[in-house]
Amino acid sequence: MTPPHGVTIANVGVHIEKVDLPGIGIRHDLVTEGGRRISVVSHRDGERDLGLFDLDDPDACRYSIPLNDDEAAALADVLGASVMLSRLTSLSDETAGLFTEQIAMPTDSPYLNRTLGATKARTRTHASIVAIVRDAAIIASPTPAEPLRAGDVIVAVGTREGLDGVARLLANGPD
């Protein structure tokens, strides 16, 4: 239930509340399926805190962690990458013959430091590269101009044959 001073801003399987904090800023609360409350307080001066509330008393903040801009961005990237990969995996679970795979960029790939477009992966394999995971960040829907780097993990969607083709292409170049 939304408290009288809060406003529910999303309610599609997830309950998020926005609470104005006079003189401080805004608090966004996410209430988990298990009833836990996680909050982000955005202060007027740009600072932000991540808070975990007591399970027995939803008004008592048990832990508060201040986050600087880089820490907040890194946390958002990690959570975003995790959610996107989970959704892609569940999509392939629901669709017969469609698979999602994470392919580590081979260290000796002929495409290292070249653009994604140079691979012509979709044309050659009929599988789509839908994301690149780089340094715990995700590049969703990468453009053909996106460079491929050592340590990248390529996220591709397609048939089993198409995904095998992407792995071969990245490792060996075109046949």
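**Entry 1: ground rules.** Helices (H or I, at least four residues) and strands (E, at least two) are DSSP runs, numbered from the N terminus. I am working with a predicted model, where local features need pLDDT of at least 70, side-chain atom pairs count only at pLDDT 80 or more, and totals for chains, interfaces and linings use all residues. Residues are numbered from 1 along each chain as its sequence is written, and side-chain values use heavy atoms, with hydrogens and water left out.

**Entry 2: confidence.** I looked up pLDDT, the predictor's confidence in each residue, from 0 to 100. The chain average is 81, and 79% of the residues score at least 70. Residues 1-12 fall below 50, though this stretch has 22 contacts in the model beyond near neighbours in sequence; contact means heavy atoms within 4.5 Å. A note to myself: where pLDDT is low, the predicted coordinates should not be read in detail.

**Entry 3: the sheet.** I followed an open sheet of 4 strands in the order β7-β10-β8-β9, with antiparallel pairing. Two strands pair if DSSP finds at least two bridges between them. At the edges I found β7 (99-104) and β9 (137-140), each pairing on one side only. From one strand to the next, the twist averages 25°. For angles, axes are lines fitted to C-alpha atoms, for helices over the stretch in contact, and the values run from 0 to 180 degrees between N-to-C directions.

I then checked β8 (residues 128-134) against β10 (residues 153-158): they pair in the antiparallel sense over 5 bridges. Alanine 131 has valine 155 in β10 as its bridge partner. Helix α3 (residues 160-172) packs on the sheet, touching β7 and β10, and its direction makes about 10° with that of β7.

**Entry 4: charged pairs.** Side chains of opposite charge can pair when their charged atoms come close. I counted a salt bridge when a side-chain nitrogen of Lys or Arg was within 4 Å of a carboxyl oxygen of Asp or Glu, and the count came to 6.

Which residue forms a salt bridge with glutamate 101? I found arginine 160, with the closest N and O atoms 2.5 Å apart. This pair links distant parts of the chain, since arginine 160 is in helix α3 and glutamate 101 in strand β7, 59 residues apart. Arginine 160 also has a salt bridge with aspartate 164, at 3.1 Å. Aspartate 164 and arginine 160 both lie in α3, 4 residues apart, about one turn of the helix.
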